[in-house]
Amino acid sequence: MEKDSKILILGGNGLLGSAINRELKKHNYQNILSPRSKEVNLLNKNSIDNLLKSEKPDNLFMVAGLVGGIMGNKKRQADFLYQNSIMILNLLESAKENSLGSKILYTGSSCIYPKINPQPIKEERFMKGELEETNKGYAVAKGMGIVACQLYREQYGIDANCAMPTNLYGLKDTYDLENGHMIPGLIKKFLLAKRDGTDITLWGTGNPRREALYSEDCADALIYLMKNYSSPEIVNIGTGFDYSIKEFAEILKKELKININLKWDLSKPDGTFEKRTDISRLKNIYPEFSPRSFEKGLSEIINNKDELKRILG
Ligand code: GFB
């Protein structure tokens, strides 16, 4: 990928896509397109055909999708299955028909791995076991997307590559307390408690463990892979380190200087107990990869005025 390459980011206005945009600009890539969903409807193949025919990007980050946390997924499994499946199939079929020739980087997610795994999870575990019930629709769709990338590469020579990011957080996240992810959910709940003196109710037992990868660090790894990696083999992108939900809460208490008793809503699901990713393949490809700590990433969010406005309104 050259500095003047035409780079298309599908999903460029979301958490990860906007981080890729910022990172690319930081490294002086000038020719970046990140159309909004109202400019290109990935559920409509003609819409993608028109975009790819007119723009013919050299490099394409496919990080668009219908996403959500454990409750967002649980309530809309069919929507998550349909929309995430159609988007990647439309893209690959259009790339084939328009002999696009561009290099594609598609992102899966660590929740696609089987529910139970030896920890940390190696890429070989992909499709080797029963899925977590609460996000089966999303996991099947994203898993199919990965297989589709591998098969279009094999049959049509499309340079489609796949990465498996872990749980992400960062600027321009979604702070929907009901349907969003755990990390932005906890950040918002703690900030509201600090401002309004309200109680904090978290979900489940607090025992499950999660990684926390700052979106800019994930973007950094994706850009490195786009420049230096081409293979059907998937690559985990994580921190290799996890906390329990309870430990996340303790960090938030400390960093936000809040001393408050937490309540736990056991009617909400725990989901997968743990899904720490093995990042040795990434480290072999990109030895300098060094994701920031959760404390560091958190401070970048709570010290960002625009983000605080997005969180607290
Ligand atoms: O990020 P999250 O919603 O989804 O995390 P997953 C869910 C875990 O955090 C469960 C606990 O153990 C919840 O019980 N939790 C505690 C909370 N308090 C809260 C809260 O206020 N909000 C939320 N959301 N959770 C996701 C997939 O699974 O993994 C996505 O659903 C994506 O599709 C992502 O793949 C990487 O981490 O369980």
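**Close-up views of a predicted model**

**View 1. Lys75 and Glu178 form a salt bridge.** The closest N and O atoms of the two residues are 3.7 Å apart. The pair links distant parts of the chain, with Lys75 in helix H3 (residues 70-75) and Glu178 in the loop between strand S6 (168-169) and helix H6 (182-196), 103 residues apart.

**View 2. Glu132 and Lys115 meet through their side chains in a salt bridge.** The N to O distance is 2.6 Å, and both residues lie in the loop between strand S4 (103-107) and helix H5 (136-156), so the pair ties together parts that are 17 residues apart in sequence. Glu132 is buried, with a relative accessible area of 4%, whereas Lys115 is partly exposed at 32%.

**View 3. Asp278 forms a salt bridge with Lys122.** Here the closest N and O atoms are 2.8 Å apart; because Asp278 lies in the loop between S12 and H9 and Lys122 in the loop between S4 and H5, the pair ties together parts that are 156 residues apart in sequence. Asp278 is buried, with a relative accessible area of 10%, while Lys122 is partly exposed at 42%.

**View 4. Thr277 lies in the loop between strand S12 (262-265) and helix H9 (280-285).** This residue is buried, with a relative accessible area of 1%, and its side chain makes a polar contact with the side chain of Glu211 at 2.8 Å. Beyond its neighbours within four places in sequence, Thr277 is in contact with residues including Ser110, Pro120, Thr166 and Asn236.

Notes
Residues numbered from 1 in each chain as written. Predicted model: local features only at pLDDT ≥ 70, side-chain atom pairs only at ≥ 80, totals over all residues. Heavy atoms only, no water. Helix = DSSP H or I, 4+ residues; strand = E, 2+ residues; numbered from the N terminus. Buried < 20%, exposed > 50% of the residue type's maximum accessible area, 1.4 Å probe, protein only. Polar contact = N/O pair within 3.5 Å; in protein donor to acceptor, adjacent residues only side chain to side chain. Contact = heavy atoms within 4.5 Å. Salt bridge = Lys/Arg side-chain N within 4 Å of Asp/Glu carboxyl O.
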